[in-house]
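Please look over the sequence and the model that follow, and keep both in view while reading the paragraphs below.

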Amino acid sequence: MAIMPKEFATGFFRMSGRRGAEGPSRRAFVGSAVALAACQPAARGQPAGRSLPPLRAVAPFPVGSAIQAEQIDDPDLAALIAAQVSQVTPEWQMKMEYIVGEGGALRFDAPDRIASFAAAKGLRLHGHTLIWYAQTPAAFEALDSQPGPFRDAYANYITTVVGRYRGRAASWDVVNEAVAEDGAGLRDSLWSRRLGAIEHMRLAYELAHAADPVAILFLNDYNLEYLPAKRACFLRLAETLLKAGAPLGGLGTQTHVGLDLPAGAIAAGLSDLASLGLPLHISEMDVSTARFHRLFSSSAELAARQGAVYAEAAKAMAGLPAAQRYALTLWGLRDRDSWRVRENRADTPLLFDDLGRAKPALADFEAALSR
Ligand code: XIL
């Protein structure tokens, strides 16, 4: 290893057991409160969907859920996850925001708990995420003017984190959200400024591959169904990385969408993304309702539209060649656990209600798979 400041060199391999609070969320949804009665199962009698089979039993592809370590302590939620899905993605506790502390100390308490839960329940673990423009810990920023040590710390981080979960994480989002919203190019970030726009990504894939040669390494981004120009840029980036020799193994499309999404946009997006022949991951799906009630004349209509968006995604994933169906991951199962709901309590973006009961959208998702 090349020389780096002493305290930093040790810091990046030091572990701490501190626990932290939930990090800040981005892209806040602003909306007024709406009562979405039709999205909730009947208060009396059989909860809607009690008789529905679990997602993992009906989908011809792995279905995933976001998870946080604290949720493992909620027996109802832990049971729901284990029953419904076959894969989990840490919602934020495998990000630099959680792992990297002051002075570069690393903490793995929460991600270790998630990895153990996944192993105990036979769930595939998807690591998320190594390099993200939005997360630049102070320990890295402090090295901003020292190219050698910066590169070493970057390499050490990737090698240490991927190496720790080698054989346990089946896949990783190596680079997250690298493409600019207008599709005109790549985002500027601490990583790109210090290590080069393409080179920091190529290097990240190379290092992750060396640390776990079996893990499938994804490039992940959002709004790819809303913005065809961004999608085209994302595909060009994937091709550039492949040409540069990066061991890129799959493409992730977050699919944080809302009820304003035009019908057909998810299917069109997925079919475009499939053109490179790589496995595809619908990696963080939720369908926000809170800002869109004015588009619908009744809550039943609104619920039907939410179901149609989920159904389109299920059908589009099922329609891919088997080798390209990596997984469809939901960014949570119960509405109350959603990051969207933390931002706007009126939102109802997921497939299960606050009590873990199936919503109409779950029935629509599953019905789409039997047609
Ligand atoms: C979000 C989590 O849901 C929040 O809990 C956290 O505070 C911020 O990140 N794109 C991503 C995810 O790739 O990591 C984000 O998750 C949502 C947007």
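Is K243 buried or exposed? With a relative accessible area of 74%, K243 is exposed, since a residue counts as exposed when that value is over 50%. In this predicted model, K243 belongs to helix α10, which covers residues 228-243.

The chain as a whole comprises 14 helices and nine strands, and 57% of its 371 residues count as buried. Among contacts with a sequence separation of 6 or more, 80% are between residues 24 or more positions apart.

Helix α10 also contains K230, which counts as buried because its relative accessibility is 0%. K230 forms a salt bridge with E181, with the closest N and O atoms 2.4 Å apart. E181 sits in the loop between β4 (169-176) and α8 (190-195), so the bridge ties together parts of the chain that are 49 residues apart in sequence. E181 is itself partly exposed, at 32% relative accessibility. K230 has a salt bridge with D221 as well, the closest N and O atoms here being 3.2 Å apart, and both D221 and K230 are buried.

The search of the whole structure finds 15 salt bridges, and one of them pairs R113 with D73 at a closest N to O distance of 2.9 Å. This pair links distant parts of the chain, 40 residues apart, with R113 in helix α5 (residues 109-121) and D73 in the loop between β1 (63-67) and α3 (75-84). R113 is partly exposed, with a relative accessible area of 31%, whereas D73 is exposed, with a value of 52%.

What is the nearest side chain of opposite charge to the buried residue R305? It is E312, 5.0 Å away, and R305 has no salt bridge; a salt bridge would require a side-chain nitrogen within 4 Å of a carboxyl oxygen. R305 is found in helix α12 (residues 299-318), and, leaving aside neighbours within four places in sequence, R305 is in contact with L259, L261, P262, A263 and F296.

Helix α12 also meets helix α11 (residues 265-273), the two axes coming within 8 Å and crossing at roughly 25°, and the helices are therefore roughly parallel to each other. The crossing is right-handed, and the contact is made by A265, I266, A267 and L270 of α11 together with V309, E312, A313, A316 and M317 of α12.

Technical notes
Residues numbered from 1 in each chain as written. Predicted model: local features only at pLDDT ≥ 70, side-chain atom pairs only at ≥ 80, totals over all residues. Heavy atoms only, no water. Helix = DSSP H or I, 4+ residues; strand = E, 2+ residues; numbered from the N terminus. Buried < 20%, exposed > 50% of the residue type's maximum accessible area, 1.4 Å probe, protein only. Lys, Arg positive; Asp, Glu negative; His and termini not counted. Contact = heavy atoms within 4.5 Å. Axes fitted to C-alpha atoms, helices over the stretch in contact; angles between N-to-C directions. Parallel < 35°, antiparallel > 145°, perpendicular 65-115°, else oblique. Left-handed = near helix turned anticlockwise from the far one by under 90°.
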